[in-house]
Amino acid sequence: MSFMSVLTRDEAQTRARLLDVHRYEIELDLTRGDETFDSRTVIRFTVRADQDASDTFVELKPAELRSATLDGHPLDPETLAENRLPLKGLTAGEHELRIDAAMRYSRTGEGMHRFTDPTDGETYVYTQLFMDDVQRVFAAFDQPDLKAVFDLTVTAPEGWSVLANGITTHQGDGTWRAATTPLISTYLVAVAAGPWHSVRTEHRGLPFGIHCRRSLAPHLDADADELFEITRQCYDRYHEKFEEPYPFDSYDQAFVPEFNAGAMENPGLVTFRDEFVYRSAVTDTQRQTRAMVIAHEMAHMWFGDLVTLKWWDDIWLNESFAEYMGYQTLTEATRFTDTWTDFGVARKAWGYDADQRPSTHPVAPEAVDDTASALLNFDGISYAKGASALRQLVAWLGEKDFLTGINTHFTRHRFGNATLADFIDSLASATDRDVHAWADAWLRTTGVDTLTPRLTQADDGTYSLTVGHDGSRPHRIAVGVYDRTPADDGDLTLRERVDLDVPQSAPQPLGKRPALLLLNDGDLTYAKVRFDPESFATVRDALSGLPEPLTRAVVWNALRDAVRDGDLPAAAYLEAARAHLPHETDLALLEGVLAFAAGHVADRYLPSPTPSTPLEQGGDLTDRSAALATLSALCRDLIRRTEDGSHPGLRLIAVRHYIDAAAHPETIAAWLAEGTVPGGPELDPELRWRILGRLAVLGAVGEAAIAEELHRDPSATGQEGAARCRAALPDADAKRRAWEAMFTTDDLSNYLFTATAQGFWQPEQADLLAEYVERYWTDVPAVAARRGPAIATAAGRWAFPRHAVSADTLHRGEQCLSEADLTPALRRKLVDELDDLARALRIREA
């Protein structure tokens, strides 16, 4: 393993004072075999007049550095160390650096990823150069504030097409040339090459394209109209919001295999994980999620690409804005008008969880020392909390002034770099409000405030509200005041919504006592909320009677937070789900509540049964088996409710969760044999693999059934399904083979590693897995060090023994943190997982 040095902020600032980088000319040859490709780079740059006889370096991580010349003078390739080639004695003026190298393809989604489709044998490559992976593809002064223009030429095998940041043209003999880019940062350069299936159109004079593997062509074609419609609607809405027009020459969206993120905002060539090309039935919420990612990445064309952060301490300027704009623009411009409900129940919970761990950080931290530290901050705080803060800012500032400030920011810094201070100055120029104080309170602090209602009854019998505030941030919230309907049919009616600033200047009059008082109704701020006793009684009895899904999302989040804080028994959450989800109509809410009930409450917060406890036990929800029985019964009710075909998305969610909660194989095995759920849906590949995975956990299938299903579905997704099923088998040899594949052979791609890890740990197999809980702490540091950040993250997240909720596991994990030499990516994941484990232990004890 060759050590890879990380760039520090001090080094970046020193190099930025020294250099102006003008142009890159990059030639990539992708015809050199399966392991490496050729990379030739010419960099033209200037050393500033006041910086004479200075030293710096260029980043490069080659398989072989063939030659390097600076201003025509050869450099010694042997001086390359820790991915840095020294450039010594630079004099003021113009310089030209030439690099000729062979580079390695990646199988982990970093650098130039290479993938061969098992369906048809076709090969595809694409770049993911984010943060510091440019050096895996070409030599670069790799920091975001050294922007340059890029000229790119790619030689590809016959039959391939090449996509890049600008429009590409075929020059003959497999050579493709991309149009010169405007000034962009090195991490935003993008190439995707292979026998793509492409669908093209044009909108307002701009070429639009969508691209995927040939084996996915029918599925992309089926959704092409929807994808282009969302793209056009977002494009038009951004042009209504932003005075600066779209700054690039085309807009391609490539759905690529084994992608580590949801998507990447490369200007002119956005790359998406190709799970967004749906092979199987999906819910409308999943389509909404895909649309939100499209909107998010398009927002980056302005936030991140046109105006780029100067250093990685300001990633919120990219991600928080794209997250907020994605949800808001989707709501304004498309058929998905209720996106904030999904944000509230799914994304926001991600932020709340991250913000209560030891690894929390401010939305805009003041010190991010190096790129390895920065990579750890792409989390629920930078995305979900940051977007929540912006939503609160808009509520406080007003959208008109907010957009005025944004447009000032674009004008001041177009094709340049900016900082938090720059952005706050732009906002401040549009308002009389103290935006700097707001930024200090919201962006420089950590943790989640808690808001609690306090009701006071006056002598005349009326009530007033004072909001208890555990925290330091100012909040502008709406308070929902709800009464039971006169018919007393379980529904609640909104009496009024009161706008309130917290801290309050005076108590808020309410009139008669409401049945439910809901703080943060509409979810405009980022804070945990609690209930007064009478309101909680109403929630317990009438949650499903609340008229708006976003209101119900705020309530479900409050219940979730109370469980995680130990203020509400985990079983009470399940009881609420059992009582109210049968009446739920919002798909995002249904999915979010079921996911928390299964993945957290059942799998972690309630103990597994002893061997003498029957799995079918129901009753008081004292253990996991009772919780699974409750979830199964709930899903059965939903399946029965949807037999008329009126709610296919709801039915699909219920079927999925029924499969996952099955304690006995008979029903789902019959579905698999018959190829359908009685009354629908017919089993598509996703449902077949889901059933097979659960049957594997229960010991009801073996290798023969897995091999037969893989023959039926030999796709990349099928390969992942088979890996997941094989790792899930309750067999000592199967577990040994899966462990060796993850931690010894290093042959698994990033996706196959994750699939194997997902199958491996099963609460039902605790005795069989006991030896591997101990092995994890010795094997995971080594694989993280060998295979890099992507696999380290997967190993820390998916391969972590989450089922082993015990004081022994916690102690051994803390020992590993204190004694082992861990990569930053792995250390961060272990810190988070161990904190979640400690929380689960506290909840069990409570």
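Ala68 has Ile99, in strand 7, as its bridge partner, and this belongs to the antiparallel pairing of strand 4 (residues 64-70) with strand 7 (residues 93-104), which runs over 6 bridges. Strands here are DSSP runs of E of at least two residues, and helices are runs of H or I of at least four residues, both numbered from the N terminus, while two strands pair if DSSP finds at least two bridges between them. The model is predicted, and local features need pLDDT of at least 70, side-chain atom pairs count only at pLDDT 80 or more, and totals for chains, interfaces and linings use all residues. Residues are numbered from 1 along each chain as its sequence is written, and side-chain values use heavy atoms, with hydrogens and water left out.

- An open sheet of mixed pairing is formed by 8 strands in the order 5-4-7-2-1-10-13-12.
- Its edge strands, each pairing on one side only, are strand 5 (73-74) and strand 12 (168-172).

**Thr41**
- Thr41 has its place in strand 2 and is buried, with a relative accessible area of 1%, where buried means under 20% relative accessible area with a 1.4 Å probe and protein chains only.
- Leaving aside neighbours within four places in sequence, the contacts of Thr41 (heavy atoms within 4.5 Å) include Tyr24, Leu97, Ile99 and Phe138.

Terms used: Buried < 20%, exposed > 50% of the residue type's maximum accessible area, 1.4 Å probe, protein only.
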